[in-house]
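I opened my notebook to look a few things up in this structure. Here is what I went through, entry by entry.

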Amino acid sequence: MEDNLKLCLCAFVRNKGKTVFTENLLLMGMSMDLRWMSYSDAKAVVKAMISQGLLERSGDVIRTAFDVSGVDVPVAYRPSRELISSCVSGNVVPAPPADAPAQEQAIQPQDGPEDLMPVLMQRAVDAGMQRKDFMAQCNALSRKLGIFIEAAALYVLRDNGADIGDLTDRVYRSVRQK
């Protein structure tokens, strides 16, 4: 599992261009930015990376514990469902053969994406934000980063002190179905 986790971490580091992160940046990056997994699954993956010695925690900062430049990362890398589920369950998954082709992960839409904007809007109002200011910030961030409006709303809510822990998985599932 360590080789798969190392590859996953190297792909993330190459995408972000740095080796030092906050835990929140790691979790939001894997779940919302790259859309690799849900927020709760990202927690399990990061925990596995720390327990395997791939990441080191120093106060609020997490950094890579090895030189990531020596690892070849395939183009358009995505962690496998097996890796994610093994981290969630705590089981070990052997590394795939180096010559194995990358597998596409099919997304099976259920009933269509859930419309979470009313829920996110209510959370903003509960946090003391004005509706039009909230939407303006969400739209600006969505355009700036090229992300879905719901993901931008999570960043805006978080930056304004609202608790988003119970919304991250729902937003992830919603944007994943789009």
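**Salt bridges**

I began with K16, which counts as partly exposed at 25% relative accessibility. My scale here: buried means under 20% relative accessible area, exposed means over 50%, and partly exposed lies in between, with a 1.4 Å probe and protein chains only. Before going on, I noted that this is a predicted model, where local features need pLDDT of at least 70 and side-chain atom pairs count only at pLDDT 80 or more, while totals for chains, interfaces and linings use all residues. Residues are numbered from 1 along each chain as its sequence is written, and side-chain values use heavy atoms, with hydrogens and water left out.

What does K16 form a salt bridge with? Its partner is D33, and the closest N and O atoms are 2.9 Å apart. I use salt bridge for a side-chain nitrogen of Lys or Arg within 4 Å of a carboxyl oxygen of Asp or Glu. K16 lies in helix α1 and D33 in helix α2, so this pair ties together parts that are 17 residues apart in sequence. For helices (H or I, at least four residues) and strands (E, at least two), I follow DSSP runs, numbered from the N terminus. D33 is partly exposed, at 29% relative accessibility.

I then searched the whole structure and found four salt bridges. Among them is D166 with R123, at 3.0 Å from N to O. D166 lies in the loop between α7 and α8, and R123 lies in helix α5, so the pair ties together parts that are 43 residues apart in sequence. D166 is partly exposed at 46% relative accessibility. I also wrote down R158 and D159, whose side chains meet in a salt bridge at 3.0 Å, N to O. R158 is partly exposed at 30%, whereas D159 counts as exposed at 54%.

**Aromatic rings**

Next I looked for ring pairs, and the structure holds two aromatic pairs. One of them is W36 with Y77, edge-to-face, at 5.7 Å centre to centre and 85 degrees between the planes. The rule I used: rings of Phe, Tyr and Trp (its six-membered ring) pair if their centres lie within 6.5 Å, and planes under 30 degrees apart count as stacked, over 60 as edge-to-face and the rest as tilted. W36 sits in the loop between α2 (23-33) and α3 (39-51), and Y77 in the loop between β3 (61-64) and α4 (81-89), so the pair ties together parts that are 41 residues apart in sequence. Are W36 and Y77 buried or exposed? Both are buried.

I checked R35 as well, which is in the loop between α2 and α3. Its phi is near 55 degrees, a positive value in a residue other than glycine. Most residues other than glycine have a negative phi. R35 is partly exposed, with a relative accessible area of 27%.

S31, in helix α2, is buried at 1% relative accessibility. Leaving out residues up to four places away in sequence, S31 touches W36, M37, S38, Y39 and Y172; contact means heavy atoms within 4.5 Å.

I also noted K6: its charged end sits over the ring of F66, 4.9 Å from the ring centre. That label needs NZ of Lys or CZ of Arg within 6 Å of the ring centre and within 35 degrees of the ring normal.

**The nonpolar core**

Which residues touch the most other members of the largest nonpolar core? Of its 56 residues, they are M30, W36, M49, L120 and F134. Such a core is a set of buried Ala, Val, Leu, Ile, Met, Phe, Trp, Tyr and Cys residues joined through side-chain atoms within 4.5 Å. α1 gives the most to this core, with eight residues. For F134, leaving aside neighbours within four places in sequence, I listed contacts with M117, L120, M121, A124, M129, A153, V156 and L157.
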